[in-house]
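Here is a short tour of a model, to read alongside the sequence and the coordinates. Have both open and follow along.

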Amino acid sequence: EGGTLADYREWAAGNDPTVEAPGGGESRAETVQRYAGGYRKILARPERTVLVVAHGLPIRYVLNALDRLSPTPLVEQVAYAEPFRLSASELEAAVRLLETWVRRPNWNS
């Protein structure tokens, strides 16, 4: 939102997930909720195969959730243009974890 990634990461490391982002942006909890909602729309699609092109953060949250890791203030970046194949059941499990976290967002779980 007009700042550097380094500035945002510094802010992210020092603030609760329910705190609104600098400049009036959504909180990280709201962001995760939006991502989970988007993934729910993908899961509802009738096609057997769906290609999703997304930024690194929503991808990282799903990959971490597959490892049973809840969102954290800072995450490892994913490689650009790296394909990740997930089954519907894998995505469903990851989304469930994210939705559970959103109900009680914190950085300690």
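How many of the 11 residues of helix α3 (residues 56–66) are buried? Helix α3 is mostly covered, with 8 of them buried; buried here means under 20% relative accessible area, exposed over 50% and partly exposed in between, using a 1.4 Å probe and protein chains only. This is a predicted model, in which local features need pLDDT of at least 70 and side-chain atom pairs count only at pLDDT 80 or more, while totals for chains, interfaces and linings use all residues. Residues are numbered from 1 along each chain as its sequence is written, and side-chain values use heavy atoms, with hydrogens and water left out.

- Helices are DSSP runs of H or I with at least four residues, numbered from the N terminus.
- The buried residues of α3 are Pro58, Ile59, Arg60, Tyr61, Val62, Leu63, Asn64 and Ala65.
- These buried residues pack against α2 and α4 (88–103).
- Just after α3, Arg68 takes a positive phi of about 65°.

**Tyr39**

- Tyr39 sits in helix α2 (residues 28–43) and counts as buried, because its relative accessible area is 10%.
- Setting aside neighbours within four places in sequence, Tyr39 is in contact (heavy atoms within 4.5 Å) with Pro58, Ile59, Val62, Leu91 and Val95.
- Tyr39 and Arg68 are 29 residues apart along the chain, and their C-alpha atoms are separated by 17 Å.

**The largest nonpolar core**

- A nonpolar core is a set of buried Ala, Val, Leu, Ile, Met, Phe, Trp, Tyr and Cys residues joined through side-chain atoms within 4.5 Å.
- The largest one has 17 residues, and those with the most contacts inside it are Val32, Tyr39, Tyr61, Val62, Leu98 and Trp101.
- Two or more residues of this core come from each of α2, α3 and α4, and α4 gives the largest share, 7 residues.

**Aromatic pairs**

- Rings of Phe, Tyr and Trp (its six-membered ring) pair if their centres lie within 6.5 Å; planes under 30 degrees apart count as stacked, over 60 as edge-to-face and the rest as tilted.
- The whole structure holds 3 aromatic pairs.
- One of them joins Tyr8 and Trp11, whose ring centres are 5.5 Å apart with planes at 40°, so the pair is tilted.
- Tyr8 and Trp11 are 3 residues apart in helix α1 (residues 5–13), so about one helical turn separates them.
- Is Tyr8 buried or partly exposed? Tyr8 is partly exposed at 35% relative accessibility, whereas Trp11 is buried, with a relative accessible area of 14%.
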